Amino acid sequence: MEKQILVAGFGGQGVLSTGLFLAYAAMAEGKNISYVPSYGAEMRGGTANCIVTISDDEISSPLTDTPMQAIIFNRPSLDRFEDSIQPGGVLVINSSLVDRAPRRQDLEVMQLPLTELAEESGAPGSANMIVLGAYIAHTGIVNIDYVLNSFANIFKGKRSHTIEQNRKAFLVGVEYARTRWHRS
Amino acid sequence: MAKVLMKGNEALGEGAVIAGCRYFFGYPITPQSEVAEYLARRLPQVEGVFLQAESELAAINMVYGGAAAGARVMTGSSGPGISLKQEGISFIAEAELPCVIANISRGGPGLGGIQPAQSDYFQACKGGGHGDYHLMVLAPSSVQEMMDFALLAFDLADKYRTPVMIMSEGMLGQMMEPVEVREPVTEQYAKPWATNGCAGRKPNIVNTLHLGVEELEERNRHLFRKYAEIQAREKRAETMLTKDAELVVVAFGLLSRVVKKAVIEARKKGIKVGLVRPVTLWPFPDEHIRECLETAKMFLSIEINMGQMIEDVRLAVNGQAPVEFYGRIGVVPSPREVEEAIMAAAEKGGLV
Amino acid sequence: MKKVFVKPVSLTGKQWHYCPGCGHGIIHRLVAECMDELDIREKTIGICPVGCGVLAYEYFNCDMLEAAHGRAPAVGTGLKRVLKDRIIFTYQGDGDLASIGMAEIVHAASRGEKISVFFINNTVYGMTGGQMAPTTLLGQVTTTSPYGRDKDREGYPIRIAEMLAPFEGTAYVSRVAINTPANVARAKKAVKKAFETQMQGLGFSLVEILSTCPTNWGMGPVEAMKWLESNMIPYYPLGDLKVKEG
């Protein structure tokens with residue numbers, strides 16, 4: 001099974017690190033992965049995106065313009081990428097910064113108010129970990145216990161308090177998904 | 001061995017270190033700079049030398065000196081920087097000095113852009129600088145190959161005393177994939193020709209000047225005998241689903257993986273399509289392409305440029321089948337886009 | 001019988017291709033004598049320029065490279081970074097070093113690259129037939145300054161030694177000439193000092209050697225030596241400009 005996930009938002013929102021974390025987590029679980037950050041002229045516009053491919057088999061194309069799932073951090077990214085997501089795909093939206101509902105009816109849309117959740121959790125810098133927690137808990141794309149156990153590895157070289165803070169934020173997301181999102 | 005998640009440019013840099021390269025002379029240019037930055041950190045850890053040159057010209061001439069000294073030496077650049085290096089590359093090819101040149105390509109001409117491109121195919125494969133010569137050119141398609149081809153490139157460079165270029169789209173340098181880190185290369189080639197001091201022997205001379213008419217011609221013939229040997233022994237290509245293919249797509253680099261996916265999808269729609277992916281761009285794997293002529297009714301060259309490799313595909317096919325082209329500039333086309341191009345070509349060729 | 005004059009071992013003995021009265025022969029010999037006296041021939045690698053010195057690899061009896069036009073200091077940098085205990089010298093003319101190779105010489109000097117540069121200044125491009133060089137004097141007629149070099153048209157001659165001496169990376173910079181026996185003796189001392197500076201690892205060394213080009217100047221050898229003295233030395237004064245002691 002091969003899944004391609006788009007992560008998109010403003011530069012500085014932790015878009016690329018979100019994708020990278022996902023890639024690391026899937027890799028730790030023994031999956032084939034590839035991670036392609038937005039590149040070229042795209043990098044200069046203040047927006048960032050990346051494509052993560054997670055597969056049980058060898059990955060042919062690490063690129064796609066029709067991802068199966070998308071994590072969208074802001075309105076311009078929703079406007080740009082909404083139509084590209086494959087029918088039946090998952091669309092995770094940061095509702096704090098996206099002021100419209102998606103037009104698509106054929107997607108599984110999950111929303112969470114990232115800014116508010118991050119402030120409540122006392123870790124405003126870890127919003128991207130919250131969305132990851134929610135996304136992973138909801139989709140099961142990687143084993144959540146495995147991710148939790150891999151935190152120290154994934155954040156290798158980082159200070160321990162940031163690891164703890166990220167872990168805490170991640171769990172806020174997990175909790176949000178488990179209590180507020182229901183599988184459709 | 002556990003795999004490590006690496007950026008393409010870093011895998012290339014580490015591959016060079018594993019290959020025993022201890023000297024990198026370079027000049028900053030996007031999107032190659034991470035190769036230089038990685039080696040600036042890494043080489044001092046292994047008692048190597050990273051030196052940022054004052055110019056692309058200086059960098060390639062430092063490579064000329066370092067290679068003449070007998071060391072495994074590398075430089076890296078991108079499009080416009082490679083253009084500047086061509087003088088030095090011509091000298092290095094003529095002097096038969098082994099070295100590796102990374103071209104993390106961008107689109108041109110002129111300053112162009114930093115978007116992914118394969119626009120340097122001509123300047124990589126057709127000599128590039130003045131005079132009759134070739135580089136060996138390797139086109140990796142994955143981060144693992146960025147590392148593995150660094151090892152291969154240094155080996156080929158020493159084996160044939162020739163500059164070897166590793167040419168990748170800028171995007172392959174930026175993306176990350178798990179890499180199985182290779183064992184360090186310990187085997188060394190003897191380099192009795194190196195200019196490293198003439199103690200106990202006659203002086204060695206590294207020279208590219210041949211004022212005598214016969215001497216110059218013989219020198220060129222010598223180079224081309226070597227190139228013939230390389231062509232006979234070192235053509236490399238990957239083929240997929242070509243056995244019964246009526247339509248054969250030819251694509252290299254990261255793009256070839258996008259094409260793979262599109263080929264698989266097009267097969268599902270009943271198109272007998274296959275892929276030849278040149279791994280060596282020079283020597284060009286023309287035999288791999290010609291072998292497809294048993295079933296192939298047409299060829300499709302897909303490139304991220306306006307059509308450069310297609311000339312070599314046409315030479316390989318030699319008029320025995322039509323060769324179509326699909327290209328983008330500054331964009332790696334998506335699998336869906338490539339699939340559409342395949343379907344369009346198939347329709348044009350009456351293969352649908 | 002006691003030998004009082006022998007060919008240096010560091011020269012091959014091959015007959016020069018240089019024109020009668022050309023200074024290259026003298027300077028080659030000085031470099032070779034110093035290599036002999038310092039006993040460094042077997043660990044020295046020389047780099048030839050593009051210009052009249054292009055064939056120097058035929059004459060020096062040590063490992064030699066022939067570099068692209070102006071790039072010798074970059075080639076020397078590559079060699080020296082690999083072969084830290086070897087002696088590297090470049091032999092460059094004024095077109096090669098001060099025009100097309102200006103970036104390479106400036107940066108090699110500023111990096112304090114531990115190489116020795118012998119810079120032959122004869123105010124013209126010799127090999128290509130006497131065109132104007134960056135060191136061509138004001139008023140001097142060449143094939144590409146047929147009305148004489150004019151400051152308003154071609155700008156001023158460049159004083160390389162003065163330009164590079166203030167660099168922190170340079171350890172020894174000197175200007176000498178080969179127009180009289182006394183000056184030849186001083187030139188040899190400077191060449192030797194440049195090699196010694198490199199052997200002591202002090203930094204970059206450069207000797208600018210004022211030389212003659214009778215053919216392209218349109219003079220006889222003796223007249224050329226006089227022209228050097230009365231025209232070049234006033235603009236390019238002789239002497240050490242930088243001496244860093246070990």
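The model is predicted: local features need pLDDT of at least 70, side-chain atom pairs count only at pLDDT 80 or more, and totals for chains, interfaces and linings use all residues. Residues are numbered from 1 along each chain as its sequence is written, while chains are lettered from A and ligands numbered from 1 in the order in which they are written.

Helices here are DSSP runs (H or I, at least four residues), and strands are runs of E, at least two, numbered from the N terminus.

Start with helix H4 of chain A, residues 127-139. Its 13 residues should span 18 Å at 1.5 Å a residue, and the end C-alpha atoms are 18 Å apart, which agrees. The expected span is 1.5 Å times one less than the number of residues. In H4(A), 12 of 13 residues are buried (20 or more other C-beta atoms within 10 Å of a residue's own, C-beta atoms being placed from the backbone). Among them are Met129(A), Leu132(A) and Tyr135(A). Gly140(A) follows H4(A), with a positive phi near 65 degrees.

Next, chain C. The axes of H2(C) (72-82) and H4(C) (102-110) come within 7 Å and cross at roughly 40 degrees. Axes are lines fitted to C-alpha atoms, for helices over the stretch in contact, and angles run from 0 to 180 degrees between N-to-C directions.

Residues are in contact if their C-beta atoms, placed from the backbone, lie within 7 Å.

| Helix | Residues in the contact |
|---|---|
| H2(C) | Pro73(C), Ala74(C), Gly76(C), Thr77(C) |
| H4(C) | Glu104(C), Ile105(C), Ala108(C) |

Finally, the contact between chains A and B takes 18 residues from chain A and 21 from chain B. E2(A) gives the largest share of chain A's side, 5 residues.

Methods
Two residues are in contact if their C-beta atoms, placed from the backbone, lie within 7 Å.
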